[in-house]
Structure formats: structure tokens, C-alpha cells
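Here is a short briefing on a protein model with DNA.

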Amino acid sequence: MNTSLIELPIATADGNFLARYSEKGLAGLDFPKNGRASSRPVATKQIPLQTLRWHRTATEALKAILAGREPKALPPLDWAGTTEFQQAVWRTMLAIPLGKTKSYGEVAKAIGNPKAVRAVGGACGANPVPVLVPCHRILAANKKIGGFSGGLDWKRDLLTREGIVCE
DNA sequence: CTCCGCCTACCAA
DNA sequence: TTGGTAGGCGGAG
């Protein structure tokens, strides 16, 4: 069983993101690292054509969102190893259009488990593909910013780019 | 089973 | 308003 992931950088005006692909699709996305450690180089020729296609799609999607535009398409996402609950939360987030938000409570209600509010927060924090799976569009009750594992600065920044104003 | 967390509603100042 | 807190739930160990 091949579980090795291919890591490819996505250069943006905001830094170098790092995308990870499995044979099933995009499995992870990291915000630019603080250190200037460039990712390990990968010879283009040994990367499956399919992966390159996904990478092109992911790159366009990421740049679109960073520019405040709804992405045309997303690459397939590989959520292997994650739970049904988490996937339900992430699917709900994917349904939130750019520029709109939902509270943790609303998401909990949406997945049919209104009391699992805090658990929803946990799923957001476990989101392996931030930005593309818009966990930043989930705010706390009363439009408070809430938390963000990728750093609150990023959350505020992303929301601002989408024209969202919160508390 | 225990502990913790991107939450909330509620209650006391 | 602000601050502290108990309740509830999924995930990790």
C-alpha cells in the first residue's frame, strides 16, 4: 500500500504554500512556512500526469480565493483516515459560498447534531486543506472571530479579502 | 476511560 | 458590558 505523498509548492504573493497529493487527490495544504526552508525538490517527470493536473487546479483555486474570487473548480480531495463527522463538517464548509459565513452552532445544526458545537470546532482545526476547504468562514456566535489553527492573522486576512467583517 | 478544544448560553458583578 | 463557567460532543491516547 503506497501511502507516500507527493509534495508540491504553490507560489503566491503571500508565500509558498505546500500541497500534498496522494494517489486519490489533494490530501493536504500548508500555509507558507516561517523558515525559508524550501520544500524538497521533486523531478517533474516522475510525477503522475494526473497529479500535475490536480496541482494546476489547486493552484488556480488557491490563487482565486486569495484574490477574493470564487474558484472555478477544486481538485478531488483525499480524506482518507478522517472520520465521518469531520467529513460532514468539511462538506458543509465547502457549501458556504465565498463571502458568506456560518457559526459553529449553525454548522452543528446543519449536520444534524446541534449540540456538537464544540466538536465542530475540533473538526475545523483538523481540516487538512485550509483555504480551499473554507474553515475560515466559520465564525463564533455573534460574529466573533473564533479561533483558527493556521493563526488568527490568516483568518482575519482571508475574511477581509472576502469582504467579510466580523466583531 | 480521561483530557482537551477554532463553542455557547447563562449568571454574577 | 465584561469575566468566569458548566454542559456537551467528537477525537486522541
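Rings of Phe, Tyr and Trp, the last by its six-membered ring, count as a pair if their centres lie within 6.5 Å. By that cut-off, a search of the whole structure, which is a predicted model, finds five aromatic pairs.

**Aromatic pairs**

- Phenylalanine 17 and tryptophan 154 make an edge-to-face pair, with 5.7 Å from centre to centre and 70° between the planes.
- Phenylalanine 17 belongs to strand β2 (residues 15–21) and tryptophan 154 to helix α5 (residues 152–161), so the pair ties together parts that are 137 residues apart in sequence.
- Phenylalanine 17 is buried, because its relative accessibility is 1% and the cut-off for buried is under 20%.
- Tryptophan 154 has a relative accessible area of 17%, so this residue is buried as well.
- One aromatic cluster is formed by Phe17, Phe31, Phe148 and Trp154.

**DNA strand B**

- There are 16 residues around DNA strand B, and Tyr104, Cys124, Gly125, Ala141 and Gly147 come nearest.
- Sugar or phosphate holds 38% of the DNA strand B atoms within 4 Å of the protein, and bases hold the rest.
- On the phosphate side, a backbone N or O atom of glycine 105 is 3.4 Å from a phosphate oxygen of DNA strand B.
- By class, the surface near DNA strand B has eight nonpolar, six polar and two charged residues.

**DNA strand C**

- Around DNA strand C stand Thr83, Phe85, Gln86, Asn113, Lys115, Ala116, Arg118 and Ala119.
- Of the DNA strand C atoms that come within 4 Å of the protein, 62% are sugar and phosphate.
- Elements giving two or more residues to the surface near DNA strand C are α2 (84–94) and α4 (117–125).
- A side-chain N or O atom of asparagine 113 is 3.2 Å from a phosphate oxygen of DNA strand C.
- Arginine 118 contacts a base instead: an N or O atom of its side chain is 2.9 Å from a base nitrogen of DNA strand C.
- The surface near DNA strand C divides into three nonpolar, three polar and two charged residues.

Note on methods
Residues numbered from 1 in each chain as written. Chains lettered and ligands numbered in written order. Predicted model: local features only at pLDDT ≥ 70, side-chain atom pairs only at ≥ 80, totals over all residues. Heavy atoms only, no water. Near = heavy atom within 4 Å. Polar contact = N/O pair within 3.5 Å; in protein donor to acceptor, adjacent residues only side chain to side chain. Helix = DSSP H or I, 4+ residues; strand = E, 2+ residues; numbered from the N terminus. Nonpolar A, V, L, I, M, F, W, Y, C, P; charged D, E, K, R; others polar. Phe/Tyr/Trp six-rings, centres within 6.5 Å; stacked < 30°, edge-to-face > 60°. Buried < 20%, exposed > 50% of the residue type's maximum accessible area, 1.4 Å probe, protein only.
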